[in-house]
Amino acid sequence: MNQLQQNAAGPVPALNTLNRRTFMMTTAASAGAAASAATGTAAESGSAAPPPGAGSRETRVTINGKPHQLKLEPRASLLDVLREQLGLTGAKKGCDHGQCGACTVHVDGRRVASCLTLAVKTDGCAVTTIEGIEPTDGTLHPMQQAFLDHDALQCGYCTPGQIMAAIACVREGHATSEAQIREYMSGNICRCGAYTGIVEAIREAAPQVLRMEGRRHA
């Protein structure tokens, strides 16, 4: 074959030119090496992870008149700490999104949705739950008694949050009319529909609650 014929036929393929089988084997080997490297990196990262509780924060909080010194995870909600760490299960977990009011408690006298409140944010504060509202003589709080008298509950699941919100409603000066009570209690849902009894209970208990508050701050 002369030079012209060689040029027309094209270059002669080299012996080490990749064919399909060689390409697939090379790709598989590369993928395996990459996976091994990733596994090793993950293992190293895992071994370097901080021990449990390393991010805990010292939190001093007074709950129902009793001082507590707690080590709390920064992401822990006040509701979870009350229920799971302290055994105060009166505040209920309803929606866990701050929309039903079943978890209502007081922080420094103001009502909050404890499911949306970071527990570490209560450092130096006073927290009151449904377990801490009864008078020192052991009788029921006037709002609790009014709820019973007016049958302002059915299943009772939302009742602790309703009562805590009702006390705050009176304390805030928002219990002077039925319309006002309904407006300022609208964040607390009763799935059983006991709203009529709830409104009547708040209206009846309001004067007693105000007298109690006055004696407390006198």
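In this predicted model, the crossing of helix 4 and helix 5 is right-handed. The contact between these helices is made by Met143, Gln144 and Phe147 on the helix 4 side, and by Thr159, Gln162, Ile163, Ala166, Ile167 and Val170 on the helix 5 side.

**Packing of helix 4 and helix 5**

- Two packed helices are described by the angle between their axes and by the distance between those axes.
- Helix 4, which covers residues 142-149, packs against helix 5, which covers residues 159-171, at an angle of about 120 degrees, and the axes lie 10 Å apart.
- Because of that angle, helix 4 counts as oblique to helix 5.
- Sorted by class, the contact of helix 4 with helix 5 comprises six nonpolar and three polar residues, with no charged residues.

**The largest cavity**

- The volume of the largest cavity is about 40 Å³.
- Its lining is formed by Val61, Ile63, Leu70, Leu72, Leu78, Val81, Ala119, Thr122 and Val127.
- Strand 1 (57-63), strand 2 (66-72) and helix 3 (78-85) each contribute at least two residues to the lining of the largest cavity.
- In terms of class, the lining of the largest cavity has eight nonpolar residues and one polar residue, and no charged residue takes part.

How values were computed:
Residues numbered from 1 in each chain as written. Predicted model: local features only at pLDDT ≥ 70, side-chain atom pairs only at ≥ 80, totals over all residues. Heavy atoms only, no water. Axes fitted to C-alpha atoms, helices over the stretch in contact; angles between N-to-C directions. Helix = DSSP H or I, 4+ residues; strand = E, 2+ residues; numbered from the N terminus. Parallel < 35°, antiparallel > 145°, perpendicular 65-115°, else oblique. Left-handed = near helix turned anticlockwise from the far one by under 90°. Contact = heavy atoms within 4.5 Å. Nonpolar A, V, L, I, M, F, W, Y, C, P; charged D, E, K, R; others polar. 1 Å grid on protein atoms, 1.4 Å probe; cavity = no way out; pocket = protein on both sides within 12 Å on 5 of 7 lines; lining within 4 Å. Points joined across faces, edges and corners; volume = space filled by probe spheres on them.
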